[in-house]
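Please report on the local features of this model. Cover backbone angles, surface, pocket and salt bridges.

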Amino acid sequence: MQQLVWETAEELDQKLAQRVRNIRKRRSISQEKLASMSGVSYGSIKRFETTGMISLLSLTKIAMALDMADELRDIFTNVPYRDIQEVINETRSQSKRRDRFR
């Protein structure tokens with residue numbers, strides 16, 4: 001069964017960028033200061049906040065500079081199962097890994 005998509009990848013990225021921008025502003029950190037703190041270029045930060053486009057490495061550096069590494073570290077950790085087949089697949093995968101270490 002195919003799930004309906006309510007937003008594009010670009011829209012999702014822009015929402016993420018807006019959240020990061022709001023946190024940066026809430027903490028009274030300029031884009032230039034964030035660039036210095038994170039080691040990510042000012043141009044990359046400006047582009048990210050405008051378009052949502054950024055590399056994963058740069059996003060990680062920004063998250064660390066803003067003391068939000070835990071939030072990034074926890075991404076995709078509590079994803080619920082969509083159906084019973086996912087549970088079966090994971091169980092089989094874990095079983096195979098255990099067999100390799102015996």
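## The loop at Phe76

Phe76 is found in the loop between H5 and H6. Helix H5 spans 69-73 and helix H6 spans 84-100. Helices here are DSSP runs of H or I with at least four residues, numbered from the N terminus. Phe76 has a positive phi of about 65 degrees, although it is not a glycine. Most residues other than glycine have a negative phi. Phe76 is also exposed, because its relative accessible area is 69%. The classes run as follows: buried means under 20% relative accessible area, exposed over 50%, and partly exposed in between, with a 1.4 Å probe and protein chains only.

This is a predicted model, in which local features need pLDDT of at least 70, side-chain atom pairs count only at pLDDT 80 or more, and totals for chains, interfaces and linings use all residues. Residues are numbered from 1 along each chain as its sequence is written, and side-chain values use heavy atoms, with hydrogens and water left out.

## A nonpolar surface patch

Phe76 belongs to a surface patch as well. Ile75, Phe76 and Val79 make a nonpolar patch of about 350 Å². Patch residues have over 30% relative accessible area and no salt bridge; nonpolar side chains (Val, Leu, Ile, Met, Phe, Trp, Tyr) are joined within 5 Å, like charges within 9 Å. The areas come from the Shrake-Rupley method with a 1.4 Å probe, and for residues only the protein chains shown count as cover.

## Ser28, another positive phi

Ser28 sits in the loop between H1 and helix H2 (31-38). Its phi is near 55 degrees, a positive value in a residue other than glycine. Ser28 counts as exposed because its relative accessible area is 68%.

## The largest pocket

The largest pocket has a volume of about 400 Å³. A pocket is an open set of points on a 1 Å grid over the protein atoms alone, with protein on both sides within 12 Å along at least five of seven lines; lining residues have an atom within 4 Å of a point. Grid points are joined across faces, edges and corners, and the volume is the space filled by probe spheres set on the points.

Helix H1 (9-26), helix H4 (56-65) and H5 each supply at least two lining residues. H1 gives the most, with six residues. By class, the lining has twelve nonpolar, one polar and three charged residues. Ala, Val, Leu, Ile, Met, Phe, Trp, Tyr, Cys and Pro count as nonpolar; Asp, Glu, Lys and Arg count as charged; the others, Gly among them, are polar.

## Salt bridges

The structure holds five salt bridges. Each is a side-chain nitrogen of Lys or Arg within 4 Å of a carboxyl oxygen of Asp or Glu. One of them joins the side chains of Lys15 and Glu7, at 2.6 Å from N to O. Lys15 is partly exposed, with a relative accessible area of 44%. Glu7 is partly exposed too, at 27%. The side chains of Glu86 and Arg82 also meet in a salt bridge, at 2.8 Å from N to O. Glu86 is partly exposed at 25% relative accessible area, whereas Arg82 is exposed at 68%.

The side chains of Arg21 and Glu49 form a salt bridge of 3.8 Å, N to O. Arg21 lies in helix H1 and Glu49 in helix H3 (residues 42-51), so the pair ties together parts that are 28 residues apart in sequence. Arg21 counts as partly exposed, at 26% relative accessibility. Glu49 counts as buried, at 10%. Arg21, Arg24 and Glu49 are linked in a network of salt bridges.

Ser44 is buried, because its relative accessible area is 15%. How far apart are Ser44 and Glu7 in space? Their C-alpha atoms are 24 Å apart, and the two residues are 37 apart in sequence.

Thr60 lies in helix H4. It is partly exposed, with a relative accessible area of 25%. The C-alpha atoms of Thr60 and Val40 are separated by 9.9 Å. Along the chain, Thr60 and Val40 are 20 residues apart.

Key:
1 Å grid on protein atoms, 1.4 Å probe; cavity = no way out; pocket = protein on both sides within 12 Å on 5 of 7 lines; lining within 4 Å.
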